[in-house]
Amino acid sequence: MINFADSSYVLTQGRKQELIDFLQDCNNQKRKIYVLCDTNTQQHCLHLLQTLFPQTKSASLYCIQQGESFKTIETVTGFWKFLLQQQADKHTVIINLGGGVITDLGGFAASLFKRGVDFIHVPTTLLAMVDAAIGGKNGVNIDGYKNQSGSIVLPRYVYVDTDFLESLSQDEKVNGYAEMIKHALVADQEFYKVLSEQCSFEKLQSIGKAIAIKLSIVAIDPFEKKERKLLNFGHTIAHAIESLYYSQQQDISHGKAVAAGIIVESYISNKMGFISDAELKQITDFIQSLFKFDEKDIVVEKLLPFMMADKKNKQGQIRFTLLESIGKGIVDIAVQIAMIEEALVWFSKKDSGYGV
Ligand SMILES: NC(=O)c1ccc[n+]([C@@H]2O[C@H](COP(=O)([O-])OP(=O)(O)OC[C@H]3O[C@@H](n4cnc5c(N)ncnc54)[C@H](O)[C@@H]3O)[C@@H](O)[C@H]2O)c1
């Protein structure tokens, strides 16, 4: 069992050999290797995986449709059935090659198959590199409600290699940046300054810093009793927006939903007496320079029911992670419905300059 305080399971390019040795060992021991990918990562990333790790060339492939709407228990069941048909056993190793949808779903499937088999994440989006693949949270959506079933089990390894980002669209890179900004906002003022001044999406140093922030928070509180909730900043609103979109058969990227969530939850932080007007303006201006929101993104009355299903709620109250200041988050703050409505209305009137 890997210790959550031990971050050595995250390998960057410089430690590629450790994964080569592990996979070679699997091949020598005749352990079966499976690669889970989606339609895009099969096309753009599989070849690079096989070039970096020739031991995966003989692995069996299971490819799912790309997109959040396939992060479901039905997709997992399909994968499990495939593994059974292939006579995959307890010694099987699953490599999850993809963005956060693949790492969340593949980690969930692997953590339960035969009561748990080894799995390796090879994140191929910026978002998965800095967030989804790190920290052991796995899960699927139920009826469009985000991550309602899941497990907290660490992968055997995560291999972070920015070469996978070469085929990633600019929009997807910006999506990943939203999670990096979130990490900085809740934990590191200096890093926030760097991100807002440099805006360079693939900078290895910044990716490493974002991963280090996440690892350090997970190490203190792997099962989200307290500190890990910091990483949920922006996500109460984001998950409700994603669920609303799903219910309307529309798509919105997780990163864009998080970006909207950061703005709305910063407003709440300000109105509840935490961050200053200047900080709120700084955050909204920065996020707005990266993302363009449509008014239809926010339909106030429709969002609230989705928030009631949020995992962070306690005894019927909607609880938020907010910002005490830039670089310092604060968890478990109960927020009145009227305040949430006010924040959403303010956000939806973005053309008037967010009212700050
Ligand atoms: N477990 C966690 O701690 C955690 C944290 C944050 C987010 N998440 C989850 O992560 C998911 C979002 O992740 P995401 O933004 O990576 O979404 P994603 O996996 O859907 O990837 C985004 C798109 O990029 C494509 N893609 C992936 N890699 C590519 C590459 N290298 N080249 C070209 N196309 C590529 C995918 O096919 C998809 O179309 C959400 O489900 C979210 O809930 C989980």
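A residue is classed as buried if 20 or more other C-beta atoms lie within 10 Å of its own, as exposed if 12 or fewer do, and as partly exposed in between, with C-beta atoms placed from the backbone. By this criterion Leu 195 is buried, because 23 other C-beta atoms lie within 10 Å. The structure is a predicted model, in which local features need pLDDT of at least 70 and side-chain atom pairs count only at pLDDT 80 or more, whereas totals for chains, interfaces and linings use all residues. Residues are numbered from 1 along each chain as its sequence is written.

Leu 195 belongs to helix α8 (residues 189-198); helices (H or I, at least four residues) and strands (E, at least two) are DSSP runs numbered from the N terminus. Two residues are in contact if their C-beta atoms, placed from the backbone, lie within 7 Å. When residues up to four places away in sequence are not counted, Leu 195 touches Met 180, Ile 181, Ala 184 and Ser 206. Ile 181 is 14 residues from Leu 195 along the chain, and 6.9 Å separate their C-alpha atoms.

The protein chain is divided into domain 1 (7-167) and domain 2 (170-350), with bounds that come from an automatic or database domain assignment. The centres of the two domains, taken over C-alpha atoms, are 26 Å apart. Domain 1 contributes 22 residues to the contact and domain 2 contributes 27. On the side of domain 1 that touches domain 2, the elements giving two or more residues are α6 and β7. The largest share of that side, five residues, is supplied by α6. Its composition by class is 10 nonpolar, nine polar and three charged residues, where Ala, Val, Leu, Ile, Met, Phe, Trp, Tyr, Cys and Pro count as nonpolar, Asp, Glu, Lys and Arg as charged, and the others, Gly among them, as polar.

Around the ligand there are 34 residues, of which Asn 40, Gly 99, Gly 100, Val 101 and Thr 125 come nearest. Two or more residues of this shell are given by each of α2 (39-44), α5 (100-112), α6 (126-132), β7 (145-152), α7 (170-187) and α11 (254-271). A residue is near a molecule if its C-beta atom, placed from the backbone, lies within 6 Å of it. Both domains take part, since the shell draws at least three residues from each of domain 1 and domain 2. By class, the shell has eight nonpolar, 17 polar and nine charged residues.

An open sheet is formed by six strands in the order β1-β8-β5-β4-β2-β3, with parallel pairing; two strands pair if DSSP finds at least two bridges between them. From one strand to the next, the twist averages 20°. Strand β2 (residues 33-38) pairs with β3 in the parallel sense over five bridges, and Leu 36 stands opposite Tyr 62 in β3. In a regular strand the side chains alternate between the two faces of the sheet. Helix α5 lies across β2, β4 (93-98) and β5 (118-123) and runs at about 165° to β4; axes are lines fitted to C-alpha atoms, for helices over the stretch in contact, and angles run from 0 to 180 degrees between N-to-C directions.

A second pairing involves strand β9 (residues 319-325) and strand β10 (residues 328-334), which pair in the antiparallel sense over five bridges. Here Leu 323 stands opposite Gly 329 in β10. The hairpin of β9 and β10 has two residues between the strands, and Gly 327 in this hairpin takes a positive phi near 100°.

Positive phi values also occur at residues other than glycine. Arg 115, with a phi of about 65°, is found in the loop between α5 and β5. Arg 115 is exposed, because 7 other C-beta atoms lie within 10 Å. Asp 143 has a positive phi of about 50° and is placed in the loop between β6 (137-142) and β7. With 11 other C-beta atoms within 10 Å, Asp 143 is likewise exposed.

Gln 249 lies in the loop between α10 (235-247) and α11. Gln 249 counts as exposed, because it has 8 C-beta neighbours inside 10 Å. Gln 249 and Ser 69 are 180 residues apart along the chain, and their C-alpha atoms are separated by 9.1 Å.
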